[in-house]
Each structure stands twice: as structure tokens, then as C-alpha cells.
Amino acid sequence: MAKILMKGNEAIAEAALRAGGNNYFCYPITPQSEVAEYLAKRMPEVGGVFLQAESEVAVGNMLFGAAASGKRVFTTSSSPGISLMQESISYIAGAQLPCVLLNIMRGGPGLGGILPAQSDYFQATKGGGHGDYRLLVLAPSTIQEAVDLTMLAFHLSDKYRNPVMLIGDGMIGQMMEPVEFPEKYVEDELPGKDDWALTGAKDREKRIVKSLFLDPLALEINNHELYKKYELMKQNEARYECYKISAKNKVLIVSYGTMARICQTVIDELESEGVSVGLFRPISLFPFPEKELRKEILKKNVGTVLTVEMSMGQMVEDVEKVAAGAKPVKFFGRTGGIVPSPDEVKENIKEMIRQDAAPAKRTRKGK
Amino acid sequence: MANQATTIFTRPESLNEVVTHYCPGCTHGIIHRLVAESLDELQLRDKTVGVAPVGCSVLIYNYFNCDFLEAPHGRAPALATGFKRLRPDMIVFTYQGDGDLASIGMGEIVHAANRGEKITVIFVNNAIYGMTGGQMAPTTLPGQITTTSPAGRDTASAGHPIRMSELLATLRTPSYIERVSVHSPQHIIQAKRAIKKAFTYQSQDRCFSLVEVVSTCPTNWGMSPTDSTKWLEDNLLAYYKLGLYSEPDDEEDS
Ligand SMILES: Cc1ncc(C[n+]2csc(CCOP(=O)(O)OP(=O)(O)O)c2C)c(N)n1
Ligand code: SF4
């Protein structure tokens, strides 16, 4: 299929439809309302369900009910709306149902602003709702990747019977880029849904979809079952990309989403100035590609690891955990809706290299 | 001819043969039976999904012999909406208490009714939070003593009890809304008729349907079951008038 120029939000909407995500519930919020506007037109054409709900609380719970039917369901929102969905996300994870959620992140906390940010990393990867649960979290850095990961998200959520969240900053939603959709979405075979979807107790025992286990032992067993799934995700679903990683790298940048793209520009410019920097870009934020990142960090030539985010520093905590003191981990970020410019990042890196090269200052005692 | 036994009363197929956890004299059990009989008689059981609330009836999914979803507190109408929109060929009902429906779930029920979701809501109003130990509900009567209104509900600070059937009947979207009670055999017969009618409307894809059942909570009212029935009749029914509040044909077609 030929490439077409599309806005991120619309490309994601179309990708969902192509992956069979024909059931969509939403509540308007900037900067992702175009998804709903696009689907309001497209959904009747494909005979799917489009419903604008009264709140994100309702959206999340409609997803919960709809997911129990076994059909592919999804929603899209932005930070404050995703906060309101945390109740249902916890229930959906507990009841082991598949669904796909997209968070086009904006600056927070509170009403914050409407410009791009990456400050919902903790909420997405550490669990914004109550209880021991995890979401599978994917972070695209181009519109094409947003398309590919949206389609993959439906597959993975069915595979693990777990909610999958895509997180992108406002740039991913608003930017226009050429994208290509596969002729037909081909996916690996998935386990059937006949043993859990609610279809009516006709010629079979009744079925209950629930997250309530009043017996503490039963609840503990459910938690262990969930954690077995999360372990499987860790083994099979860690995704990442490396850019210009070489034995000459002095600095290793770790960055995701739009920020990682800006870092690529920085790396190209620094290269022409004779400074070698590599980029490790996590694509799955949960599972975090720990083993793979650790391998890069431990390479002899790497002096410093720099995490760059559009936040006050959230993913950096996972990077520090992976580095485990083997190398210094530094952080650079802007937030509030400010996207750091390549020059800013570049200056930061140069300064870092200068500091690393300077002999350690001695502090004199007295005069 | 003589001595030939005919069965005239059995457990509905829609109910499982299990012991419920409800307190003695609690009316949840009667209401369960009326719902189950209706599903049986309309032959809907094997294409029905129930949505359980958070409240004393949270374990309703153990008592019914049909598929069930268990919702977060107050959100049953949103779950029911999601499911029903994807499976309009199936029957979906929620079963909710007054704390669940009229307090935390006020938004979900009003909008489900207003969208005219083709679901049936069984709304059990016992004027108190049963499961959490007898706190004030939005439906608690003025002056009624509860654990969080020990001096009686003060309308100056807590407002007046919300009449949900009346409130929902103000919506222009066609609906079937009736308030019934189960405190006497005669009222039980009327309640059954209303519940069956609600499911009939749903199976005809006609409209949103809600049956409010004025109910008792002997445990948290601190009364015997018989005193509870009397108190319901003298106090609750004076404020929550039984009757039909909305029929789909009432609305102008436009
Ligand atoms: C979000 C949330 N808040 C509070 C609770 C605690 N809670 C459980 S049941 C209940 C009230 C139920 O009362 P009602 O709906 O009147 O039903 P009843 O128990 O009287 O049948 C509350 C507040 C909860 N489970 N979830
Ligand atoms: S606490 Fe009240 S509502 Fe709950 S089971 Fe007992 S009597 Fe029924």
C-alpha cells in the first residue's frame, strides 16, 4: 500500500480499525480529540460501536463491560482522563480482560496544560490504580511506529488477557507524517476466547467475570496468576531500539518517544563535531528492557548514562535500577509542555563530557 | 387419579441451589427470586448477562444460574452499556442498591437512562448502606438514624432523600420506570409483574427499563423483620410512592 500523510491521532484511529478494534468508547480531551472525531465518521462504515460517554469513569467501565464480550475494545484519552480510568483499569487487570488504551500525554499535575509531556510514565508503568497489577506499556516515537504498535497492542492484549497502554506525548498525536498500513493485518495465532467470554450460559456452565476474591488464599492465588503473566511478558515482550551505538560512545542516552527522536538529531550533530554518543530507546516501558540496557551500560567505553525525558525524571529511576551503580546516571528534562530543543540537549551533553574530563576538584580544609 | 402429585412450586432454573448470605428477613432474596422467575418465564436465562453491584448483593453472581459481570461500586450501568452495545442480541440487567445507584453511581445511571440503553435495572432501595454497616444513604429518610447520622438525617446539611424513579422519569428519552415493594404477598405479585414487564420491554428492544423495589434492611435498621415491614409501610412508602413513573408510550414521538 502507498504511503499516506496522516496526523498521528487519525493514523492511530485507523490502525485500531485495521486491527479489528471496532469498538470504541471515549470522552473528549485535548490533545487527542481527533481520534474520536475520526472514528465518529469511520466507525459506522465498518459497522463498529462508537460511543461518547458522560465521563472517563464511565468510559473505563464501558470498556470493562464490553471487553467481557470477547470483542476488541479500546479508548483514547489524555492524562487527566486516564487518571479517571484508573479505577476500571485496576478491575480489568484483576478480572484478566483484554483492552487497549492510548494516553496522549499532556503536562501535569492537575489540569496542567495541553502541550506535550511524558510525565505519566510512573502512572502507566507502576500502576495508577490500586492493587498489584501491571499494564503492558508501549511508547511509539514516530507515526508509523504508532500505527504498528497500535495494531500490536490489540494482539498482545488478547495474548495475555491484559490491558495494554500506548503512551505518546502530544507530538505523536498532533504531528503529520507519511504512514503505510499493511494490506491486511496478519497476526500470530491467538488462544480462543471460548473459555472466558460472556456469551450466555447456553449448553454450558455459567461464567463469572470478576475481580472479587473474598477468600484471602484465592485472592493471593489470583495475584500469583497475574504475576506469572507479567513474568512471561518480561521474557517475551521487551522491545527497544539502538541508534549509533558503537565502541566509541562516551555517553549513552536513554530516551523514549518523541524525546528519543530529538536525541537522534543531537547524536547526528555531535557526531559531525567528533563526539560519539549512542541512544538506547525503550519501546516497551513495561516490560522495561532491563537486560538489554544493562548490556549497553556495562560496555567499557561508556562513561556516563544520560536519561532525557519530557518530565522531571521518571524513567530515570528504572535506568538507575538497571545501572545499579555500575555507571553514573544523569538526567536532563524539560516539562510543563516544553519540548527540549536539540541545542539544549547538546549543550547539556557537552557540559557533561567537560565535567567528566575535568580532574576532580579537591576541597581544601581551612586556608 | 387421586394421589397423583403435580409440582406447583419449584426453584426457578435461573437460580442456583445454594444458601445465600443474606440476613434473616432481608428482602434481597425475594427480589432475586422474582428476577429469576421472570427470566425463566420469558426464556431468557441462557442469553442473559447480569451485572453485580458493590453492596450486600455483590455475591448475586453465585446465586444466579446465568453469566455475570462484577462491577466497581456504582458503575454497573456503564458495564451494562458496554456489553449491551456489543451484544444487542443478549439480555443485560444490573442489580443495584441505593448507595450504589443513587450516590456513587448517580452519573452512570442517569446517562444510561438518558441514552436509552436497552438494559434492565433492578434498583433495591432500602434507605441505608447495608454492606458497610448501616451508614446514611442518599435515600435515608429525614430524621432516620444511621451510624453516620446518629441524631437522624439532618436535611439542612444532608439534603432531602433522592427519589430516583421520579428523577429519572423527568428524562425525555422513552423508558419504563416503576416503583414497587415486596412487603406483602399482594405487593410481591405486583413487583413480579413490573420486573417481568421490564425484561419484556428489553427483549422487544423497546427502551431502558428500571424497577425500583422499596426494600428492608432489618439488620441495620435495628428491627425485627416484621417490624421492618411495618416501618417500610408506614414511613418509606409515604415518601417513596409506589406506582408507574414512565412508560415508553408516554413520550411524544419526535
Ligand atoms: C469505590 C468504593 N467506595 C466505597 C466502597 C465501600 N462500599 C461497599 S458497599 C457500599 C454501600 C452499599 O450500599 P447499597 O448500595 O445501599 O447496598 P446494600 O448493601 O444496602 O444492599 C460501600 C460504600 C467500595 N466498595 N468502593
Ligand atoms: S445488611 Fe441489610 S441489606 Fe444486607 S443482607 Fe443484611 S438485611 Fe439485607
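I began with burial in chain A of this predicted model: buried residues, meaning those under 20% relative accessible area with a 1.4 Å probe and protein chains only, make up 55% of its 367 residues. I kept to the conventions that residues are numbered from 1 along each chain as its sequence is written, and that chains are lettered from A and ligands numbered from 1 in the order in which they are written. I also noted that local features need pLDDT of at least 70 and side-chain atom pairs count only at pLDDT 80 or more, while totals for chains, interfaces and linings use all residues, and that side-chain values use heavy atoms, with hydrogens and water left out.

**Chain A, overall**

The C-alpha trace of chain A spans about 85 × 50 × 40 Å along its principal axes. I found 13 helices and 15 strands in chain A, both being DSSP runs numbered from the N terminus, with helices (H or I) of at least four residues and strands (E) of at least two. For contacts, meaning heavy atoms within 4.5 Å, I noted that 80% of those in chain A with a separation of 6 or more join residues 24 or more positions apart.

**Helix H1 of chain A**

I then went to H1(A), residues 8–18, where nine of the 11 residues are buried, so the helix is largely enclosed by the rest of the structure. Among the buried residues I listed Asn9(A), Ile12(A), Glu14(A) and Leu17(A). Just after H1(A), I saw that Gly20(A) takes a positive phi of about 85 degrees.

**Chain B, overall**

I repeated the burial count for chain B and found that 56% of its 254 residues are buried. The secondary structure of chain B comes to 10 helices and seven strands, and its C-alpha atoms fill a box of roughly 60 × 55 × 30 Å along the principal axes. Its radius of gyration is 18 Å, in agreement with the value near 18 Å for a compact globule of 254 residues.

**Ligand 1**

I asked which residues come nearest to ligand 1, and of the 16 around it (a heavy atom within 4 Å) these are Cys56(B), Gly99(B), Asp100(B), Gly130(B) and Met131(B). Helix H4 of chain B, residues 98–104, gives the most to this shell, with four residues. I checked oxygen atoms of ligand 1 for polar contacts, which are pairs of N or O atoms within 3.5 Å: one lies 3.0 Å from an N or O atom in the side chain of Asp98(B), one lies 2.9 Å from a polar backbone atom of Gly99(B), and one lies 2.8 Å from a polar backbone atom of Gly130(B). Taken alone, ligand 1 exposes 600 Å², and the protein buries 75% of that.

**Ligand 2**

I found that the residues around ligand 2 include Tyr22(B), Cys23(B), Cys26(B), His28(B), Cys56(B) and Cys217(B). Helix H9 of chain B, residues 218–221, supplies the largest share of this shell, three residues.

Definitions and conventions
Polar contact = N/O pair within 3.5 Å; in protein donor to acceptor, adjacent residues only side chain to side chain. Areas by Shrake-Rupley, 256 points an atom, 1.4 Å probe, with all protein chains shown as cover. Rg over C-alpha atoms; globule rule 2.2 N^0.38 Å. Buried < 20%, exposed > 50% of the residue type's maximum accessible area, 1.4 Å probe, protein only.
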